[in-house]
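Okay, thanks for making time, everyone. I'd like to walk you through some charged side chains today, so let me put the structure up.

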Amino acid sequence: MKHKLALVLALLTLCHVSRATDSAQAKKVFADPPRQYSTGPLWVWNDMLTDEQIIGTMRALAAQDVKQVFVHPRPGLMTPYLSPEWFRLWKLALKEAKRLDMNVWIYDENSYPSGFAGGFVPEEMPESRGRGLAFASTEKIPAWLPEILSIWKTSGDKIEDVSARVRSGEVLPAAHYDFAKQIRAADAPWTGNRCYVDLLHPGVTAKFLEVTIGSYRREIGDQFGKRVPGIFTDEPNINPTHALPWTDDLPQQFQKRWGYDLLANLASLQARVGDWRRVRENYLQLLNELFVERWAKPYHDCCESNHLEWTGHYWEHEWPHAVGVPDNMTMYSWHQRPAIDMLMNQYSDNVHAQFGNARAVRELASVANQLGLKRTLCEAYGAGGWDLRFEDMKRIGDFLSVLGVNTIDQHLSYVTLRGARKRDHPQSFGYQEPWWDAYHVSAKYLARVSAAVSQGQQINSILVIEPTTTGWMYNPGEPELAEVGNSFQKLVNSLEAAQVEYDIGSEQILHDHGSVDCAQLVVGQRKYTTVVLPPWTENISKSTASLLQDYAANGGKIICCGKPATRIDGKESDKAQSLTRSANWKNIEASDLPTTLGTSDQFTIERGTNAGGILFHQRRHLADGELLFLVNTSIKTNSTASFISAQKSVEQWDLNTGRISSYPFTSSDGKITSQFDLPPSGSLLLFLSSKRHADVANPTLTTTIVEPLSAPEITRTEPNVLTLDYADITAAGQSRTNIYCYQANQFAFRQNGMDRNPWDSAVQFKDELITKKFPAKSGFEATYHFTIKDTVLRNLAIVIERADIYTVLSNGQQFTVDKNNWWLDRAFTRFNIATAAHAGDNIVTIIAAPFTIYHELEPAYLLGDFALENSTKGFEVIADKPLELGNWNEQGQPFYSAGVSYREQFQIENKTGTFTVSVPNWNGAVARISVNGRAAGYISSAPWECDITKRLKRGKNTVEVTVVGTLKNTLGPHHGNPPLGAAWPSSFHKAPDSQPAGKNYSTVGYGLFKPFVLKHSTGT
């Protein structure tokens, strides 16, 4: 495997990845990052795709400085996957990418998990059907069947294997017997009504690569390593049945690897009988090795030979119990751009957490450091909900970047929101969002962060061994497994809090890349002077034990936080204990580890006892200094600290503008000291230069408030919205009234002969769905109700999804579709219905006749200059009323997502100094600032300010702050008091049987809560 290092470096050269060696080169990249540092969303192809959709969404992304995309087939895709039409659209995308200077990455599956090729692998290779190991009990011995692997009786911790006796036909007495059997993966809509596959079965990976990379090579191979940098894999795993992993030749491989019979010891995998710790450890260690041999290595080698970077992630969130992927770090080591995912927007630092899980990111960064892999990736923001704001995007992006990610892959950017697609783990990064015209602020910021943390090298001298092989010895629900995970997570979190610089070590990577150089443990390109064995390290592998013995014999320092390991490869061994006799072995309590590791002579961060915040940092070494990235992940409190460095001076590299400026510091005793105060969700990028410059003092400023000439003028920027998510429906002679639209949609499909909406959390194999025909008399009729309490408005409109396939009537008046009259999404047609509407109850009816596979019944949206009033059934439309400071959803705008403008006038006589708009009390995705009708900037994160000096004139000025909401209030979920920061398809599925009162809808309060402030600062 060591051959990988040279090959990876050669590949990176082919891919033109800029890599600075000194600050001058880094500054050039930082000022205007090229496309390889751009964020790159999973660009979801989820429709019967058109040229206009491909070109339009690419241009919308590029216009907001998003210069990379990963073409992601996903539920809702109607264009047949890997068909001639598929590749025609791909070529169109590449042509547009050249014009827009974008990268287009391959995503290797039709949805996920990777490996079944959208159904082609099991279709062409039936023997690939996934395998699993399941257990059962009986009081009567069953007849021997081919799927049975072993039958046994247990007495205490003893196993009596009776398999041979049963297989021979012997009749055994009635008693309690346990048996293990092989099971096969079932067909499911998620896998195109095919099955997931056994990636450990010889030939399955080769077939998958032939179908995927082979097809792309044939069609667009000339762009590999150019406009197509690489390929993304998504959650491949060896547990297709959700039981235990199995493959046909596992017993033979086990015998060869470990020298004893797995079948005779299967009981130990389930229960604490026999030598269960050893059996479990050996089983998972072998699975880990086979996963590499039969999946990772062939895939890696295929990408190498095709000049592609292999990226993408596994399901890393179950550690330390990880039967689907026994060791995540091992798998990362085979990727040219290793990756993880980190979903949702709910901060937590526990062992199975996503956003907030420092261990998961540190694992990734450690592999990259050790193997010299300059780029890493994280699929971020997925299932964060439509309520994700710019501050959340920054906070999550900063957390990932400071810990070692340098490519942000947004989850997701939908081509369309129509149908079930809007519920597919939202939010979306695309033109449908009300904040989209401001997204370049986030995109450019993250590109500069990416460029910065891709320069130079992160060099850590401490290696913390991850106790994965100990975790292999325990099953879920066993207290020891929880102890292994929780204690290691606690240790990692304590090191992060103490600003200790360290890497995590995988025992398999130590086996593949480890050696000893004097008193240093070498792992690939990194050398470590201290090795930490965390609490609950009961087991280490034979290769780890030998490596540590050699390291200790050469003077290497080992710190053990708890009891020393007693097992090697799961077996009791005195050899593990012999390490404790080393002169440089030290036993301490885990709580003392941060203090024991001490501070560095070269760099130290000092924090007071009440420093506050959640501080992380990363240092990257350049030829003439160090880049220091500081991040406060707390969304509530500031983080204040200082650092001491052996470098000579400090610069600030502004992540928002790309400008370079001096930063305050003082010099003393050959070192520099500098302080910083990060606001909530704040960040700071500094360059600590080896060149001496004069000390820089903190600026002295005098700030006054410019009083407005009048109270704020407040107006909505777009029509108000009423989401109509309940309807009446009639289909195949049956009716339902006042039913939630999701349930009505399922009813429509069932009444027309299908089990469910086939585009909802499911994928199509070839063209099996789009070729389906329905009888001439099939279809449905659905009716939406709304009540107008006051005078009808002239601009009243109704929005219907895919109106082109319906007859649309309002109060009996039929309307004609105008495809150019759309709202929110180009598939959402707007009809002006003021001429048909009247005071009182109104209906809008849509008729599908005949039914087609394209008919998905969804909520309708009423638009206009009105307000809403709570009713016993949803809301009633009332006359519009002036908005005030405060929550929009409490002022008759509960579903409104677009902007509200707050305008004030100011008299400016003296233009010297700096004028800043400050918005201290508000809630929204982003705030747009304009002065005298001209755009002046955006406010998206603390300290919630925007410099407008250049836009002001002498005399009277109009300053406008437009607060922009999110699609959470328009698209939901609205029922069941759903939490913020997370949204899965199922979050939208449940609602009351009939429409609830308006007061019971869940919406978010957006708005400006106090007037914005204009600050005038002067001084030096």
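Let me start with the rule I used: a salt bridge here is a side-chain nitrogen of Lys or Arg within 4 Å of a carboxyl oxygen of Asp or Glu. Before the counts, a bit of housekeeping: this is a predicted model, local features need pLDDT of at least 70, side-chain atom pairs count only at pLDDT 80 or more, and totals for chains, interfaces and linings use all residues. Residues are numbered from 1 along each chain as its sequence is written, and side-chain values use heavy atoms, with hydrogens and water left out.

So, how many salt bridges does this rule give? The count comes to 52.

Let's look at a few of them. K444 and D32 pair up through their side chains, at 3.1 Å from N to O. These two link distant parts of the chain: K444 is in helix α15 (residues 439–452), D32 sits in the loop between α2 (23–31) and β1 (42–45), and 412 residues separate them. On the naming, helices (H or I, at least four residues) and strands (E, at least two) are DSSP runs, numbered from the N terminus.

Next up, R272 and E480 form a salt bridge at 2.5 Å, N to O. R272 is in the loop between α10 (267–270) and α11 (276–305) and E480 is in helix α17 (residues 479–497), so this pair ties together parts 208 residues apart in sequence. Buried or partly exposed, what are these two? For that, buried means under 20% relative accessible area, exposed over 50%, and partly exposed in between, with a 1.4 Å probe and protein chains only. R272 counts as partly exposed because its relative accessibility is 35%, while E480 is at 15%, so E480 is buried.

Then there's K422 with E801, where the closest N and O atoms are 2.6 Å apart. Here K422 lies in the loop between β14 (413–414) and α15, E801 is in strand β41 (residues 797–801), and they're 379 residues apart. Both K422 and E801 are buried. While we're on salt bridges, some share partners, and that joins D47, R418, R421 and E856 into one network.

Last stop, D161, in strand β6 (residues 158–161). D161 has 35% relative accessibility, so it counts as partly exposed. Its C-alpha is 9.8 Å from that of D178, 17 residues away along the chain. Leaving aside neighbours within four places in sequence, D161 is in contact (heavy atoms within 4.5 Å) with S150, I151, W152, L263 and A264.
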